[in-house]
Amino acid sequence: VLRHQAATLTMVLDIDKRIRLMTQYPSSTGRNFYETLRAIDTMQLHLYHQVVCPANWANGDEVFVNPTLGSGAAAAMFPKGFNEMKSWYRPTVQ
């Protein structure tokens with residue numbers, strides 16, 4: 001049996017009007033505004049500083065160097081350094 005239910009949808013668009021984040025919940029479930037703000041913060045950090053953020057990241061927590069950056073480019077972009085455990089796992093301070 002297919003039932004149609006109302007849902008609440010949150011979308012975050014970038015300056016080029018592309019969808020960057022979309023969350024959908026049943027209308028009986030509340031949305032977490034702070035999680036939406038956290039997601040926007042992580043997208044801005046990625047855009048301007050070439051880092052990626054782990055789950056449950058909070059402002060000021062450790063972030064990871066973007067895995068698509070080579071070691072030489074990463075060393076130039078992060079003068080404070082980073083701990084390269086694997087090419088894709090390079091934590092650094094924010």
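How many bridges do E1 and E2 pair over, and is the pairing parallel or antiparallel? E1 and E2 pair in the antiparallel sense, over seven bridges.

## Before we start

What you're looking at is a predicted model: local features need pLDDT of at least 70, side-chain atom pairs count only at pLDDT 80 or more, and totals for chains, interfaces and linings use all residues. Residues are numbered from 1 along each chain as its sequence is written, and side-chain values use heavy atoms, with hydrogens and water left out.

A few words on labels. Helices (H or I, at least four residues) and strands (E, at least two) are DSSP runs, numbered from the N terminus. Two strands pair if DSSP finds at least two bridges between them.

## The hairpin

Back to that opening pair. Strand E1 covers 7–13 and strand E2 covers 19–26. Together E1 and E2 form a hairpin, with five residues between them. Along the pairing, Ala7 stands opposite Pro26 in E2.

Lys17 sits in the loop between E1 and E2, and its phi is near 65°, a positive value in a residue other than glycine. That's worth a look because most residues other than glycine have a negative phi. Is Lys17 buried or exposed? Lys17 counts as exposed because its relative accessibility is 71%; the cut-offs are under 20% relative accessible area for buried, over 50% for exposed and partly exposed in between (1.4 Å probe, protein chains only).

## Charges around the turn

Which residues are linked in a network of salt bridges? They are Asp14, Asp16, Arg18 and Arg20. A salt bridge here is a side-chain nitrogen of Lys or Arg within 4 Å of a carboxyl oxygen of Asp or Glu, and by this rule the count comes to four.

In one of them, the side chains of Asp14 and Arg20 meet at 3.0 Å, N to O. In another, Arg18 and Asp16 meet at 3.4 Å, N to O. Arg20 has a relative accessible area of 46%, so it is partly exposed. Arg18 is also partly exposed, because its value is 43%. Asp16, at 53% relative accessibility, therefore counts as exposed.

## A nonpolar patch on the hairpin

E1 and E2 each supply at least two residues of the patch, but E1 gives the most, with three. Leu13 is found in E1, and it counts as partly exposed because its relative accessibility is 48%.

## Helix H1 and what follows

Helix H1 runs over 33–49. Glu35 and Arg38 both lie in H1, three residues apart, about one turn of the helix. These two form a salt bridge, with the closest N and O atoms 2.9 Å apart. Glu35 is partly exposed, since its relative accessible area is 36%.

Gln50 is found in the loop between H1 and strand E3 (51–52). Gln50 is partly exposed because its relative accessible area is 24%.

The largest nonpolar core has eight residues in all: Leu45, Val51, Trp57, Val63, Val65, Leu69, Ala74 and Phe78. A core of this kind is a set of buried Ala, Val, Leu, Ile, Met, Phe, Trp, Tyr and Cys residues joined through side-chain atoms within 4.5 Å. Leaving out residues up to four places away in sequence, Leu45 touches Gln50, Val51, Cys53, Trp57 and Gln94, where contact means heavy atoms within 4.5 Å.

Three strands form an open, antiparallel sheet in the order E3-E4-E5. Its edge strands are E3 and E5 (91–92), each pairing on one side only. E4 (residues 63–65) and E5 pair over two bridges, and the bridge partner of Val63 in E5 is Thr92.
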